[in-house]
Amino acid sequence: MIINRIKKMDPLCVVQGDPARTGLTATAYLDSSSLVGAARAMLDEGYHLEDVSALHVREGFLISYFFGHTQTSGRIALRALTPNEAPNVPSITSVYPGADWHEREANDFYGIRFEGHPNPVRLLLPSDMDTYPLRKEEPARASIRALFSCAPETVIMKREGFTLFDPEPESTGEEPRADRIGDAISKD
């Protein structure tokens, strides 16, 4: 079953999806360093890449990779968070060449750098443009918790240090940040 395969991708968290509501069977939150290996595992399981998208959220930039399968119902999402200060993740074009335009589009609109991309030039916007139209200012960014809240019973597994879906801390009211998640994970 794909859930067991996802667990072997070294995810930070796996959430059971509601296919009737979202079309997703499961979502895996990964450290960005695991993206290429996870994409390769999806290819090995016969999944095709449907889409790559990004969101500018309070914690940083959330990149989502959506995979479908011709023989198995239900889609799988792999998500990785990269910080506002240095938004970069590895490119998966070596595994899925079709990611080329998706990654270039995310770079155009958000300024996310896809390390190892074979042709990192602008796709839709002028090459001399020095702004990223879909970046949001701090007050306009929603938290991942608010956008993708999940019931505790839908969390299939969660590594210690992954705090994106934990209840908001009462003492400080702070949202988890990408840099703090990475710090917590590296101590495991």
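Trainee: Leaving aside neighbours within four places in sequence, what is isoleucine 92 in contact with?
Mentor: In this predicted model, isoleucine 92 is in contact with Leu35, Val36, Ala39, Leu49, Tyr65, Ala99 and Glu103. Contact means heavy atoms within 4.5 Å.

Trainee: What are the ground rules for the model?
Mentor: Local features need pLDDT of at least 70 and side-chain atom pairs count only at pLDDT 80 or more, while totals for chains, interfaces and linings use all residues. Numbering runs from 1 along each chain as its sequence is written, and side-chain values use heavy atoms, with hydrogens and water left out.

Trainee: Back to the packing. Which residues touch the most other members of the largest nonpolar core?
Mentor: Met42, Tyr65, Leu78, Ile92 and Tyr96, in a core of 36 residues. A core here joins buried Ala, Val, Leu, Ile, Met, Phe, Trp, Tyr and Cys through side-chain atoms within 4.5 Å; buried means under 20% relative accessible area with a 1.4 Å probe, protein chains only.

Trainee: Which elements each supply at least two residues of this core?
Mentor: On the helix side, α1 (2-7), α3 (35-44) and α4 (99-110) do. The strands are β2 (24-30), β3 (47-57), β4 (60-69) and β5 (75-82). These are DSSP runs numbered from the N terminus: helices are H or I of at least four residues, strands E of at least two.

Trainee: And which one gives the largest share?
Mentor: α3, with six residues. Apart from this core lies another, of eleven residues, including Leu12, Tyr29, Val57 and Leu164.

Trainee: Stay on α3. Which of its residues are buried?
Mentor: Leu35, Val36, Ala38, Ala39, Ala41 and Met42. Among these, Leu35, Val36 and Ala39 are also on the contact list of isoleucine 92.

Trainee: What covers the buried residues of α3?
Mentor: The cover includes helix α1 and the strands β2, β3, β4, β5 and β6 (88-90).

Trainee: What follows α3?
Mentor: Glycine 46, with a positive phi near 90°.

Trainee: Zooming out, how many helices and strands does the protein have?
Mentor: There are six helices and eight strands. Along the sequence the pattern reads α-β-α-β-α-β-β-β-β-α-β-α-β-α.

Trainee: What percentage of the residues is buried?
Mentor: Of the 188 residues in the protein, 44% are buried.

Trainee: And for contacts between residues at least 6 apart in sequence, what percentage joins residues at least 24 apart?
Mentor: That figure is 58% for the protein.

Methods
Buried < 20%, exposed > 50% of the residue type's maximum accessible area, 1.4 Å probe, protein only.
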